[in-house]
Amino acid sequence: MLAADTQSALLGVYKPAGPAFVAGEGCWLTGDDGRRYLDFTSGIAVNALGYGDPDVAAAIRGALDAGILHTSNLFRTAPAGELAAWLAAHSFADRVFFCNSGAEANEGAIKFARRWAGDRAEIIAFRGGFHGRTMGALALTDRPAYQEPFRPLMPGVRFAEVGDVDGVRGLLQTGRVAAVIIEPIQAEGGVRMVAPGFLQALRALCTEHGALLMLDEVQTGLGRTGTLWGHEAAGITPDVMTLAKPLAGGLPMGAVLVTESVAAALKPGDHGSTFGGGTLVASAALATCRKIGAEPFMAEVRRKSALLADLLGALALRRPGIRQVRGAGLMWGIEVDDAAGIVGRALEAGLLLCTAGPDVVRLLPPLVIGDDELRQGIAILEGAMEC
């Protein structure tokens, strides 16, 4: 067991639970207590390929062997260029900017939108959304408890309700809006689905009023919802998309994908990130993207998604305390009265879960999870609901 004082120097902004983890393989983590834990969190949607993926490990070893972990963006490297080309080829985008996290990607998206829009500086965001903890991203995040200690926040943010087309139209008609930002599924907000029709309406409104449509796919992107990008179900094309969590196979990386129109508004010196797109993380990300983006892999994700949906539907029939089950792909929320208690009891039984607000248990298993592991995890979850 790790001595308690080894953790005492960490800033106390988190409340870690359970043991310290010392090893991982596939969908399992081993704690310093010697127990194995089935992971239904994926490091909050980061470890899409689980732990110890051989292709990601080989890419990281190759970068280490080459001896160039970092050059800065003053110089070119092959992995960053190849990764940008892959992302552009597999999305709407023409250009890609690399950074280090989802919050940083959303900060970049805000700046790009304002640069593109000239004197129009307002951003429309949505109630229940989450875009990060940095000051600009926090201003877009509808969490009074998160925002209040850090006011004044970035001005010019207008909030609308998901589904309220007329409300968004009214805000756009002011002529002051640079962009609209939304998650295809409000993940931190309770795994709340955004209807495809509403995304389609936003696309049409943004086009009509000359504003950018920006999709935050930090958590929904790269296979999590059963398609490569979460917005594919709506059949729309954004102007800007932000990515992060699973992008580099567990290493910290974010990206902002943009159309040529947005890219043309940016000039050298307008934005930057010292570590963005470094050789090590770009190599890991390229291996991750190629693996997840392969159609046989995505077909398996969709098959397992259907199995998980069936398991959760059956669970809801057996457990009257479940108010609603909602989600897509391998991203689900279970609305209950005691989410934190269920998560705690599941941990004691060897299953890692997380919450999405006070009343939602969130399931984010690795995309490589097996059928038997899905069944085992749901069985442990049901046991944690019995108290």
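Visitor: What volume does the second largest pocket have, and how is such a thing found?

Guide: Rolling a probe the size of a water molecule over the atoms shows where empty space is left. On a 1 Å grid over the protein atoms alone, a pocket is an open set of points with protein on both sides within 12 Å along at least five of seven lines. Here the second largest pocket has a volume of about 850 Å³, volume being the space filled by probe spheres set on the points, which are joined across faces, edges and corners. The model is predicted: local features need pLDDT of at least 70, side-chain atom pairs count only at pLDDT 80 or more, and totals for chains, interfaces and linings use all residues. Residues are numbered from 1 along each chain as its sequence is written, and side-chain values use heavy atoms, with hydrogens and water left out.

Visitor: Which residues of the lining lie nearest the centre of the second largest pocket?

Guide: Lining residues have an atom within 4 Å of a point. There are 32 of them, and N73, V96, F97, F98 and H271 lie nearest the centre. Strand β4 gives the largest share, four residues.

Visitor: What does the side chain of S305 reach?

Guide: A polar contact is a pair of N or O atoms within 3.5 Å; within protein, one must be able to donate a hydrogen and the other to accept it, and residues adjacent in sequence count only if both atoms are side-chain atoms. The S305 side chain reaches the backbone oxygen of G329 at 3.4 Å, and one of its polar atoms lies 2.6 Å from the backbone oxygen of V301.

Visitor: In what order do the strands of the four-stranded open sheet lie?

Guide: Two strands pair if DSSP finds at least two bridges between them. The order is β13-β14-β17-β16, with antiparallel pairing. At the edges are β13 and β16, each pairing on one side only.

Technical notes:
Helix = DSSP H or I, 4+ residues; strand = E, 2+ residues; numbered from the N terminus. 1 Å grid on protein atoms, 1.4 Å probe; cavity = no way out; pocket = protein on both sides within 12 Å on 5 of 7 lines; lining within 4 Å.
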